[in-house]
Every structure is written in structure tokens, then in C-alpha cells.
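Subject: Handover of the structure and notes on it

Dear colleague,

Please find the structure below, followed by the notes that I have made on it.

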Amino acid sequence: MENKKGVKNGGGIRSWFLIAMIALVVLSFVRTGPGGGDSVEMTTVEFTSLLDSGRIIPPVVRVIDRDGGSTWLAGEFVAVDDSADGDDGGKKGGKAKYRVPLVPGENAKLMDDLRSRGAGVRVEERRSPISPFIVQTILYGGMLFFVFWLMSRKVGGDGMFGFGKSRAKVLDTREDKRNVTFADVAGIDEAKEEVQEIVEFLKKPDAFRRLGGRIPKGVLLVGPPGTGKTLLAKAIAGEAQVPFFAISGSDFEEMFVGVGASRMRDMFAEAKKRSPCIVFIDEIDSIGQKRTGAGALGGSHAYEQTLNTMLVEMDGFDSNEGVIVIAATNRPDTLDAALLRPGRFDRQVIVELPTLKGREDILALHGKKIKFAPDADLKRVARGTPGFSGADLANLLNEAALLATRYNLEAVDMKTLEEARDKVLWGRERKSAGYSRNDREKTAWHEAGHALLQLLVENADPLHKVTIIPRGRALGATMSLPEKDILGRTKSYFLDEMTVCCGGRVAEKMFTGDISTGAAQDIAQVSQIAKDMVCKYAMSGDFGFQAFAEPNRFSTSDLPPAFSEETARRIDAEITSLVSGAYARAEALLEEHKDKLAALAAMLIEKETMDGREVEELLGLGRKEEA
Ligand code: ADP
Ligand code: ZN
């Protein structure tokens with residue numbers, strides 16, 4: 001194992017170690033800290049009020065993190081001489097030093113708060129010397145060295161000591177022969193369109209600016225794994241012919257405190273030097289998770305630091321500097337809200353699992369390099385692979401080619417393709433256990449229930465589209481389209497709408513004999529409509545022309561007059577009767593048209609997405625209303 005890389009790495013470690021040692025030793029002599037005698041100690045509340053009145057100078061807030069575990073904010077402020085405060089250590093009317101001890105758990109919140117106050121406040125993290133004692137320093141250094149050594153053995157080659165100081169992988173698209181462009185991305189046209197603007201900007205920043213375009217600093221690509229987020233980011237860089245820096249949030253998982261942050265800083269420094277460019281952060285959720293303050297488990301502090309550093313870097317440059325940060329995640333709901341603030345990742349692009357058409361395109365694209373037998377029908381493969389991501393499809397074709405080689409075939413035929421599909425599907429189902437055949441059938445019935453009722457009832461909006469392609473956390477969806485601009489809704493509309501909502505659960509129950517959580521959204525919606533009808537619109541028979549505050553809400557301000565307990569009971573009863581009426585009606589209608597329901601569900605399993613017209617044709621149900 002004595003390749004060149006190994007040797008180079010060894011050198012890298014040694015110089016690293018040396019630098020670290022020297023730095024530690026020097027730092028341990030120059031012991032700085034906010035503890036110095038003449039600074040004014042204040043609380044965070046006092047500090048923020050000073051900040052608000054513009055008395056903190058310079059507008060840079062240092063966070064000093066000392067070894068003892070205590071953290072301080074420190075800097076200078078303008079001491080005013082108008083009151084008795086003057087004697088608390090500051091020089092009157094002039095500058096004085098302040099220090100604010102921080103409570104460990106509340107640190108992150110305060111930092112956010114400071115940043116959101118904007119006004120040029122920059123937060124810098126400073127670690128002051130780790131220990132004043134050289135002995136300890138050497139011990140620490142030794143440990144550091146040991147860990148580095150371990151990690152370099154573990155990660156090897158390019159992982160830890162790959163690129164310059166930052167160790168991010170950089171791809172110079174101008175030099176790279178295998179330049180990725182939009183032509184290599186298929187089946188996610190909407191996402192492609194949405195990022196087009198970024199390419200324009202990177203290509204001609206000046207022209208873009210002259211025309212008054214506003215470019216986002218950060219773009220968040222959201223979508224399930226393997227849908228081509230990395231590919232898309234690379235293609236943006238490729239199209240614009242700019243360098244592409246890549247780093248993954250999960251790389252930080254094995255980092256210890258401080259290293260992640262400094263690595264982040266180095267990468268941004270490098271990126272700024274080479275702007276315009278793209279910085280791609282994969283799996284950002286692993287560093288950008290919601291900070292809970294109670295995250296006392298080891299490592300959470302390190303993430304927080306890494307995340308903070310990234311935010312500081314992003315806040316620190318202007319969107320005109322030409323560094324565009326693209327981050328990818330499949331769990332946007334776990335992200336810390338600080339990430340999504342304006343000026344950070346305020347642009348989100350959804351990258352969904354490909355539709356049937358999308359899968360055809362992806363298969364065609366990746367199939368270009370493969371020799372197929374005449375009976376190989378990629379469109380049929382596309383139909384048989386709902387829920388597959390782009391990566392799954394690429395994998396399928398690759399698998400098929402391998403199998404064909406093993407069977408000594410001249411070309412990849414249909415049978416091999418199907419075998420490959422099953423193999424990928426099996427592996428995938430085992431991995432995610434997400435979307436089984438059973439789920440698919442159940443979803444098809446559920447959505448068919450909604451869709452059929454949408455057509456059967458008189459007053460609902462026309463059916464637009466029904467799909468069993470999972471998106472977000474929903475397994476499927478039925479969409480209706482209001483035909484005209486609706487100014488007011490009628491009572492009959494609400495009644496029908498409630499019936500349609502119930503259809504999912506009813507159909508599901510007819511099919512499986514059981515009920516599931518899949519209808520949670522529907523249930524919430526039905527309840528809301530019923531509540532509004534009774535309490536807001538005076539649409540129930542029992543009450544006169546009056547509104548009620550929503551039951552079981554205790555706020556008394558700005559609401560219509562309170563009502564008696566007796567009335568509350570009547571409201572509850574009224575809501576219940578509306579809901580159960582809708583449910584019973586859905587049951588009756590679907591029972592009556594069970595054959596249509598079954599036919600629609602079967603067709604959905606095959607086609608997975610149908611538009612309103614297709615459904616009407618299949619069921620022989622005409623459009624309810626003209627004009
Ligand atoms: P993600 O970053 O969303 O997890 P990747 O971009 O890493 O997905 O995709 C992995 C591979 O799968 C890509 O390199 C490409 O070969 C293939 N792939 C995924 N999505 C697409 C797509 N939309 N078009 C073409 N190829 C795709
Ligand atoms: Zn539903």
C-alpha cells in the first residue's frame with residue numbers, strides 16, 4: 001500500500017501537526033480572554049438594548065469560547081455619560097469594553113437573534129487558547145495528532161486531505177472533459193427551468209445585474225434521494241462553465257469541534273477566490289438540523305459551530321460576489337429555520353420523483369450507451385417502475401447490461417430488463433420499505449374514491465388530476481380545479497366538498513376492510529369545513545343568522561359574543577351531524593358505483609397519473625357542467 005498518495009498524505013499530516021503544535025504553544029502563552037479587569041459585565045438583555053441603540057462598536061460581536069466551558073460575547077461600546085451608569089467601569093462618553101457571559105444552552109438562539117438584527121452585526125467565533133499550560137497543550141496536540149492519523153487512515157486518499165486546505169472536492173468544469181450539462185439531466189424539467197436563471201447569472205453576472213436581476217445566494221434543492229439533485233447542481237456549473245465545489249454534510253459527522261467550522265471557512269475562502277462558482281452542500285440536514293438547545297449529546301455543539309460558520313460565511317458575502325451556494329436535502333422539515341431566512345436559502349427548488357414521462361426520458365438518456373435487442377421496450381419499463389428515482393433507473397439499466405453480459409447475450413432484451421428491474425426494486429424496497437405494492441393498491445383505491453366522488457357530486461369543482469405518485473409525505477393526490485374565479489362558496493358546494501373528502505377513507509375501507517392513517521389530511525379538512533359552516537357562515541339549519549367563536553377556544557378578544565355551554569353542545573352536535581352526513585353519503589355513492597371505483601383504481605395502478613378527462617372517459621361520466 002505504498003502508493004504515492006500515501007506518501008503525500010503522510011507529509012500532509014506532519015505539516016498539519018507541526019502547524020497545530022506551534023499554534024497551540026504560541027496561543028497558550030498569549031492568554032487572551034474577556035476576563036480582563038476593566039470591562040463592564042452585562043446581561044444579554046442589556047447588551048441587546050445597547051445594540052439596538054447603536055452603541056456597540058465596532059459592529060462586530062466576538063464570541064469567545066473558553067476552555068472552561070464558559071462562553072462570552074466581548075467587544076467595545078460607547079459609554080454614555082448622562083446617568084449614573086457612568087461609574088460602572090466605563091470611561092464617560094468614550095469607549096468601554098463589555099463582556100456578556102452566555103448561558104450555554106441559549107447560545108444558538110442569541111446568535112440567531114443577533115444576526116437577525118442585521119445592521120452590520122457580524123458574529124465571529126474565536127476560540128481562545130485551549131489551555132494555559134504547555135503540558136496540557138502537548139497532550140492535546142498529541143491527541144490531535146493521533147486522531148488525525150486515525151482519520152487519515154480511515155478516510156484515506158482524497159477524503160480528509162484532498163483539496164488544498166478546505167478538502168472540499170473541486171471540479172473545474174472548464175478543464176474537465178466530462179462536463180455535465182443540462183443535457184445529462186432528464187425528467188425533471190420544471191426544476192431545470194427554475195435554475196436556468198442561475199446559469200444566466202453565472203455566465204454574465206454584469207449583464208444580469210445591469211438588467212436589475214436579483215440572484216439568490218442560496219438555493220435549496222429538495223427531493224428524495226437519487227432524483228438528480230447533485231447532478232442538477234453539477235449541470236448548473238457545467239452550463240455556466242464555472243468551478244464546482246462539493247462537500248457533504250455527512251462528512252462533518254466524524255469531525256470534532258472546531259475542525260468542521262474551520263473546514264467550512266476554508267472552503268468559502270477558496271470559493272470566493274474563484275468566483276463566480278458553485279458551492280454544493282449535499283445532505284445539509286446533517287449539519288442544519290433544528291437546534292434544540294437540549295442537544296446535549298456529544299457532537300451537537302460541533303454541528304452547531306459548523307452551521308453557524310456556514311451562516312456567517314453566507315451572510316458575509318454579497319449576492320453579487322458570484323458565489324452561489326446550492327444545498328440538497330430530502331428532509332426540509334428538519335432544517336433549522338435560520339437556514340431558510342431571506343438572504344440564505346430563500347429559494348427552494350423541488351426535485352420530485354420522475355413521472356411516467358420523466359422515467360421514459362431518463363431511461364432513454366441512460367440507455368443511449370446500451371445495445372438493446374429489438375424486443376426491448378423502454379416505455380414499458382418506464383410504466384413498470386413507478387416510484388423509481390433517476391438513480392434507480394440508471395441502476396436498472398446498468399444491472400441489465402451486467403446481466404446480459406453474464407448471460408452472453410448480444411444485446412439487452414426485455415426479459416433481462418425485467419429481471420434487472422425486480423432486482424433493483426427488491427433492493428430498494430428493502431432499503432426504504434417505503435412504497436410497497438400493497439401501499440400502491442391502497443393508495444389507488446383511496447384516490448379513486450376521491451376522484452369518483454368529485455365527478456359524481458353536483459357542485460364540486462371539476463376533477464383536474466389524480467395521481468398515486470408519492471410526493472412529500474402524501475402517497476397520492478386528487479386535484480380539482482375551480483373553473484371560474486370563485487367569489488363566494490355555497491352551502492351545497494361545501495356539502496359536496498365534504499363528501500369528496502370522505503371518499504378516500506371510504507374507498508380504502510371497501511378495499512382493505514381496514515382503515516389507515518392515510519386519511520388524516522382529509523379528516524382535518526372535513527372537520528374544518530363543518531366547523532366553518534356552523535360557526536362562521538351560519539349555514540346550519542339549527543341556528544339563526546349568527547356567528548360563533550370556534551368552540552373550545554378560550555380567547556375572548558375580538559370574537560363575537562361568547563355562547564353558553566348549551567350552545568356549545570349544540571354546535572358540537574351540529575358539526576358532528578354535518579360530518580357524519582357527508583360520510584354516509586360518500587359510502588352510499590361509492591357502494592352504488594363500486595364497479596366504477598374498482599375500474600378506476602385498477603387503471604390508476606397501471607397509469608399512476610390520470611387527468612380529469614381520462615377519468616371521465618374511462619367511467620363514461622360526462623362533464624357535469626358546461627361553460
Ligand atoms: P441526488 O443528489 O438527488 O441524491 P444524484 O444526482 O446523486 O441524486 O443522482 C445519482 C445518479 O443517478 C446520477 O449521477 C445520474 O446518473 C442518475 N440520475 C438521477 N436523476 C437523474 C435525472 N433526473 N436524469 C438523469 N440521470 C439521473
Ligand atoms: Zn385523501
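Predicted model: local features only at pLDDT ≥ 70, side-chain atom pairs only at ≥ 80, totals over all residues.

In helix α17 the buried residues are Asp522, Val526, Ile529, Ala530, Asp532, Met533, Val534 and Cys535, where buried stands for a relative accessible area under 20%, exposed for one over 50% and partly exposed for anything in between, computed with a 1.4 Å probe on protein chains only. Helices here are DSSP runs of H or I with at least four residues and strands are runs of E with at least two, numbered from the N terminus. The cover over the buried residues of α17 includes α15, α16 (491-512) and α18 (565-592), with contact taken as heavy atoms within 4.5 Å. Helix α17 itself has 16 residues and reaches 22 Å from its first C-alpha to its last, close to the 22 Å expected at 1.5 Å a residue, the expected span being 1.5 Å times one less than the number of residues.

Residues are numbered from 1 along each chain as its sequence is written, chains are lettered from A and ligands numbered from 1 in the order in which they are written, and side-chain values use heavy atoms, with hydrogens and water left out.

Distant parts of the chain are linked here, with His446 in helix α15 (residues 437-456) and Asp522 in helix α17 (residues 520-535), 76 residues apart. Both His446 and Asp522 are buried.

Helix α18, part of the cover of α17, has 28 residues and reaches 41 Å from its first C-alpha to its last, close to the 40 Å expected at 1.5 Å a residue. Its buried residues, among them Thr567, Ile571, Glu574 and Leu590, pack against α15, α16, α17 and α19 (594-607).

Turning to the aromatic residues, a search of the whole structure finds four aromatic pairs, a pair being rings of Phe, Tyr and Trp (its six-membered ring) with centres within 6.5 Å, called stacked with planes under 30 degrees apart, edge-to-face over 60 and tilted for the rest. Phe244 and Phe280 form a stacked pair, 5.8 Å centre to centre with 25° between the planes. Because Phe244 lies in strand β8 (residues 244-248) and Phe280 in strand β9 (residues 277-282), the pair ties together parts that are 36 residues apart in sequence. Phe244 is buried at a relative accessible area of 3%, and Phe280 is buried at 1%. Trp445 and Phe511 are likewise stacked, at 4.9 Å centre to centre and 15° between the planes. Trp445 lies in helix α15 and Phe511 in helix α16, so this pair ties together parts that are 66 residues apart in sequence. Trp445 is buried, with a relative accessible area of 11%, whereas Phe511 counts as partly exposed at 31%. Tyr493, Phe494 and Tyr537 form one aromatic cluster.

For the protein as a whole, there are 20 helices and 14 strands, and 43% of the 627 residues count as buried. Among contacts between residues at least 6 apart in sequence, 74% join residues at least 24 apart.
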